[in-house]
Amino acid sequence: ARASQIVAALAVSMCSYCVGNAVAYTSPALPSMTNENQTHFSVSPQEASWVGGIMPLAGLTGGICGGPLIMYLGRKRTAMMTFVPFIVGWLLIANAAAVSMVLTGRTLCGYAVGVASLAMPVYLGEVIHPLIRGVLGLLPTLIGNMGMLLCFVVGSFTTWWQLAFVSGAMCIPFFVLLMLVPESPRWYLASGKTEKAANALARLRRQDANVSDELKEMVKSMGDVTDTPSCKELFQKKYCRAVSIAVALMVFQQLSGINAVIFYTVMIFDLSGSTIDSHLSAIIVGVVNFMATLIATFIIDLAGRKMLLYISAIAMSMTLLVLTAFFYVKSNGVNMSDISWVPLVSFMIYVLGFSMGFGPIPWLMMGEILPSRIRGPAASVVVGSNWGCTFIVTKTFQDLIGEPPKLFPLSHQSNARLFLRSDYAGAHGAFGFFCFICIMAIVFIKLVVPETKNKSLEQIEEELTGVAA
């Protein structure tokens, strides 16, 4: 029954909801956490910085650990295991009596995010039929963005500890849904369990479908994968192209500056002269993020992966170029009050462009293009590169623009002046760098990235490795 594939996509999507929730948490939570009237322990600016910064570091660790876990325990079981660190992490934050408990909770949630962001795309890529893999493959990103949006909305009228309780409760649905779906047939084959693989595939396809041909194709393409692949195999010539593309897409995704730009949403709104409330601005960003991914979900199997990546990279390049010019002119003392709306409009188009392509598609393609033989360790490298770049960008952006590690309030004029200081790279330098990366991404898409629309994983692997399925 195809319904099983939908349930599998929903289960993975609810896990992705928890990931989005954990990523977005600091934006609405830190203002109340650093407010002495709402917190019975003190949080220094540096500690507040680490409440956000420690999560991608823990995500890097989770990404590295996730590869062996999905190989030995299975894709589904690994995703289910993230429930424990998620719940414990949120409970530690919600009941925190000191900032150390918050940091420990964020570390556990970050570890779960790292493991989940590896296990989910691999599982979904392996269980969904090629003809609907685009639509259902983007569903987790769509629901993940909904998790971010609802975190912003709930955070606008709750305190940091109340928001943590709500976030923890939302982890229960994905665990329940995952119990209802089978393990990946490809993992069963890799474990030498052919009968279980056939049963799992039969549960995931229509009741009248003949799964024997699909199973034979899987067996043929996988060959002898019951032995454990070595790390050296990742660097074999036949696997090099697939792994390099997956890593490069993740690096481009993060070096486009999305996390740094979202981190400074409030400051960009403030610099533009807008009077919009900071919570409302975050909600607007969340809505744009969600709507753009919704559009991509409907058109990905018509337009294809490459076309959406092109649109995404071009939109980001153009808006970053405008932002670079705007802040460069402003840093030279020119009064820009008459066009103070430019950063707002540019920022919204930037987020729209990112969310239609470079946000969801690198994760979708990771589950599609990594060869079955090395999928576990290769996914570790890919996810590790993503979270490593996330940490580097969010931490170095402050140094690049000359912003000290004082997060709140971001709206002080002194902070705005620091954001534009010319003895650092300044805002224009940072946005210029991100623009250059997006232009490089356009070239990379044109020359290297394959189209995977409507192709089976075996066809994609043959195309990328040159080994016939």
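Is glutamate 368 buried or exposed? At 1% relative accessibility, glutamate 368 counts as buried. Keep in mind that this is a predicted model.

**Salt bridges**
- The count comes to six salt bridges, taking a side-chain nitrogen of Lys or Arg within 4 Å of a carboxyl oxygen of Asp or Glu.
- Glutamate 368 pairs up with arginine 305, with the closest N and O atoms 2.5 Å apart.
- That pair links distant parts of the chain, 63 residues apart: glutamate 368 sits in helix H19 and arginine 305 in helix H17.
- Arginine 305 is buried too, at 0% relative accessibility.
- Glutamate 126 and arginine 375 also meet in a salt bridge, at 2.6 Å from N to O.
- Glutamate 126 is in helix H6 and arginine 375 in helix H20, so this pair ties together parts 249 residues apart in sequence.
- Glutamate 126 is buried at 1%, and arginine 375 is buried at 2%.
- Arg75 joins Glu126 and Arg375 in a network of salt bridges.
- Glutamate 463 bridges to lysine 455 at 2.7 Å; here glutamate 463 is partly exposed at 37%, and lysine 455 is partly exposed at 24%.

**Helix packing**
- Helices H6 and H19 pack at about 60°, with their axes 8 Å apart, which makes H6 oblique to H19.
- The H6 and H19 crossing is right-handed.

**Surface and loop**
- Ile339, Trp341, Val345 and Ile349 make a nonpolar surface patch of about 360 Å².
- Valine 345 belongs to helix H18 and is partly exposed at 40%.
- Asparagine 454, in the loop between H22 and H23, has a positive phi near 65°.

Notes. Residues are numbered from 1 along each chain as its sequence is written. This is a predicted model: local features need pLDDT of at least 70, side-chain atom pairs count only at pLDDT 80 or more; totals for chains, interfaces and linings use all residues. Side-chain values use heavy atoms; hydrogens and water are left out. Patches are made of residues with over 30% relative accessible area and no salt bridge: like charges are joined within 9 Å, nonpolar side chains (Val, Leu, Ile, Met, Phe, Trp, Tyr) within 5 Å. Accessible areas come from the Shrake-Rupley method with a 1.4 Å probe; for residues, only the protein chains shown count as cover. Helices (H or I, at least four residues) and strands (E, at least two) are DSSP runs, numbered from the N terminus. Buried means under 20% relative accessible area, exposed over 50%, partly exposed in between (1.4 Å probe, protein chains only). Axes are lines fitted to C-alpha atoms, for helices over the stretch in contact, and angles run from 0 to 180 degrees between N-to-C directions. Angles under 35 degrees count as roughly parallel, over 145 as roughly antiparallel, 65 to 115 as roughly perpendicular and the rest as oblique. A crossing is left-handed if the near helix is turned anticlockwise from the far one by less than a right angle, and right-handed if clockwise.
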